[in-house]
Amino acid sequence: MTGPSSTTPLLALEGVSVRFGGLQALRDVSFAVSPGEIVGLIGPNGAGKTTAFNVACGFVRPTSGRVVLPAAGVISPRATQLARAGVARTLQGVGLFPHVTVLENVMAGGQIRPGGGFVAGLLGLPRSVRAERQLRHDAAAMLERLGVASFAAALPGSIPYGVAKKVSVARALMCEPSLLLLDEPASGLDEAELSDFASLIRDLRATMGVLLVEHDMEFVMPLVDRLVVLDFGQVIASGTPGEVRVHEAVIAAYLGVEE
Amino acid sequence: MARVVGSRLGVGLALSVVAVVIVALLSSSTRLAVALGLGVAVLGVGATLVSLPAVRRDHPVVTRALISVVVVDLAVVLTFRVSATSNSNVAIGAAMAIVLLGLSFLTGSSGQISLGNGAFMGVGAFTVGIWADHHATTPLVVVLVLATVAGALVGLVLGLPATRLRGPYLAGMTLAFAVAFGAILNVFSSWTGGDSGLQLPSAVVAPHWLASYFGPGASTLTTSSAWLADISIVVTGVALFLMANLFASRTGRAMRLVRDNDVAAELVGVSLPRARVVAFTVSAAYAALGGALWTLVNNAVSPSTYGFVLSITILSLVVIGGIGTIPGAIIGGIIYAFSAGAISWLTAHLGLNPQGNVASQLDGIIFGGLLVLTIVFAPMGIAGLVRHGWRRWRRG
């Protein structure tokens, strides 16, 4: 059992509440993700998982409370600041760019790298050309690492769903994140793809923290170090999968909604 | 690999020699023949090198430069062989190709629509006219750069609201600019000449060192319009080269990402407002450069040229040529260059009264018809058709 890490967390939500008009989507939610840790955010449908996730990456601004990225020294980041702060996220579904090739989709993950200035690009200066060549090379290597290199020249619409998911992870990894946010990584994957994906995420733990939103319990339980359980916008439990599994509030929440 | 390079170089050299001989035979001036012949010979070798995938991949900028020079050189050679009228059409069409490159970048890459690029052309055209009124001796390059910068500034200012407007609302704003442009010119009529526009104080002439290549006939109408066509073609070549760089650069990718999926684009660190303003500014700058060339070619600038219809024509040409592609913009420019001639030919051969209703609307009818056909049968334009055909042919 991995205990709570003593190092500075990569991401911390501190007393975050979110109201959408009359709907209290989140109430005083706090949790943190540390380096080398896989944290799962779970809860019944409508519990506020996606909202919490969207707050973490700046898509939704908290009504009160704050989001802190201590390592990057950023408080309440906007979406465009994430990549520079070392945070990458995947979108629900796959969220790829439909009209550019798989390789260029992965290259997009390196958009914030140096050497991409407007003037250098316009004039075709050597540093711009070198930066693009390096980016292309690294993107190809990333596809290779995830075992989907043969799809490099294809368009996202023409590749299998499981491959597209990997491509979206490849893109997220291109900015060398210290924190990876995965939005429902298991959805739409078959058994083989699931175990493949789980081992990929375990490998990533060596260099980064991972926060994932998921409702496939069979996928989440053996994978994560820690679980944060939301229900009706509040954290009802958090701890190791073993602790959470026997937590009364969790059992009640799930029995209350499941078929 | 070395053998492939060797044999291709051999073929390239042989073709170059043939080209030199043809140029020499066709040319009326020996020095011109030598200059062009040498140019073609060097290009023959360069072009064969560029045809090798390894060279294309490892030296993209050199490749683009060589291709641009090849295109420019072929076009320049052409201008010595055709009539004065054709040459002024070539000059107009080459400038239009620049404008189309700009709109292609805006609409094809970043997915925004502009109905105001005719007015942005007008900004460049009037910048040249107003500047020449006060400083007649400014070098050509400086004048063109000034006009481009003026267009970029106006584009930047108008592009700022574009960061918050999408689709039809943005189109509406650019449309408003296109419609208001004539009125704006009238407000500043002491500078712009109001409805009658401006006449350049002196015709643009070739620098002495270049004029000497043209031989004794340098002052005739034929050579002066050839020279103007050459200016346009060379400037178009530079614009082409820069745009090809931009399409392939990080900035070009940012545009495609914004167009495809703006949420995901933000997540990889692309600032949507910045990307949209950059696209708008570049497109306006290119339009202004094209307009500046028009003023130089026509030796005058008139507000009626830069009305709303021009903006629509520009958009139609981009779609017909192939939106978001560089060859598409060139194709659009060529179509525009020869449309005036083709339309008067049609008027004559269909037996239409040149002053009649049908004849005066013929260009609108033809462009409209072509536009509809393109959208229905070839959404990626002529460039898309050619690419599709080429792929099928290669697969056999």
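This note comments, point by point, on the predicted model of chains A and B.

1. Basis of the note. Because the model is predicted, local features are considered only at pLDDT of at least 70 and side-chain atom pairs only at pLDDT 80 or more, whereas totals for chains, interfaces and linings use all residues. Residues are numbered from 1 along each chain as its sequence is written, and chains are lettered from A in the order in which they are written.

2. Chain B as a whole. Chain B holds 18 helices and two strands, where helices (H or I, at least four residues) and strands (E, at least two) are DSSP runs numbered from the N terminus. Of its 396 residues, 47% count as buried; a residue is buried if 20 or more other C-beta atoms, placed from the backbone, lie within 10 Å of its own, exposed if 12 or fewer, and partly exposed in between. Among contacts in chain B between residues at least 6 apart in sequence, 79% join residues at least 24 apart, a contact being a pair of residues whose C-beta atoms, placed from the backbone, lie within 7 Å.

3. Helix 15 against helix 17 in chain B. Helix 15 (residues 308-321) of chain B and helix 17 (residues 357-377) of chain B have axes 9 Å apart and pack at an angle of about 40 degrees; the axes are lines fitted to C-alpha atoms, for helices over the stretch in contact, and angles run from 0 to 180 degrees between N-to-C directions. This angle makes helix 15 of chain B oblique to helix 17 of chain B, given that angles under 35 degrees count as roughly parallel, over 145 as roughly antiparallel, 65 to 115 as roughly perpendicular and the rest as oblique. On the side of helix 15 of chain B the contact is made by B:Thr313, B:Ser316, B:Val319 and B:Ile320, and on that of helix 17 of chain B by B:Phe367, B:Leu370, B:Leu371, B:Thr374 and B:Ile375. The residues of this contact divide into six nonpolar, three polar and no charged, where Ala, Val, Leu, Ile, Met, Phe, Trp, Tyr, Cys and Pro count as nonpolar, Asp, Glu, Lys and Arg as charged, and the others, Gly among them, as polar.

4. Helix 16 against helix 17 in chain B. Helix 16 (residues 326-349) of chain B packs with helix 17 of chain B at an angle of about 125 degrees, their axes lying 10 Å apart, and the two helices are therefore oblique to each other. The residues that meet are B:Ser339, B:Ile343, B:Leu346 and B:Thr347 in helix 16 of chain B and B:Ala359, B:Leu362, B:Asp363 and B:Ile366 in helix 17 of chain B; they divide into five nonpolar, two polar and one charged.

5. B:Thr347. This residue of helix 16 of chain B counts as partly exposed because B:Thr347 has 17 C-beta neighbours inside 10 Å. Leaving aside residues up to four places away in sequence, B:Thr347 touches B:Leu352, B:Pro354, B:Ala359 and B:Leu362. The C-alpha atoms of B:Thr347 and B:Ser51, which are 296 residues apart along the chain, are separated by 43 Å.

6. The interface. In the model, 24 residues of chain B are in contact with 27 residues of chain A. Helix 4 (60-79), helix 11 (221-248), helix 12 (250-260) and helix 13 (262-267) of chain B are the elements that give two or more residues to the side of chain B that touches chain A, and the largest share, seven residues, comes from helix 12 of chain B. The residues on this side of chain B divide into twelve nonpolar, six polar and six charged.

7. The sheet of chain A. Four strands of chain A form an open sheet in the order 2-1-4-5, with antiparallel pairing; two strands pair if DSSP finds at least two bridges between them. The edge strands, each pairing on one side only, are strand 2 (23-33) and strand 5 of chain A. Strand 1 (residues 11-20) and strand 4 (residues 64-69) of chain A run antiparallel and are joined by four bridges, and A:Glu14 stands opposite A:Arg66 in strand 4 of chain A. Helix 1 (residues 49-56) of chain A packs on the sheet, touching strand 1, strand 2 and strand 4 of chain A, and its direction makes about 120 degrees with that of strand 1 of chain A.

8. Backbone points to check. Most residues other than glycine have a negative phi. A:Ser76, although not a glycine, has a positive phi of about 45 degrees and lies in the loop between strand 5 (74-75) and strand 6 (87-89) of chain A. B:Asn299, also not a glycine, has a positive phi of about 65 degrees and is found in the loop between helix 14 (272-298) and strand 2 (300-301) of chain B. A:Ser76 counts as partly exposed, with 15 C-beta neighbours inside 10 Å, and B:Asn299 counts as partly exposed with 16.

Terms used: Contact = placed C-beta atoms within 7 Å.
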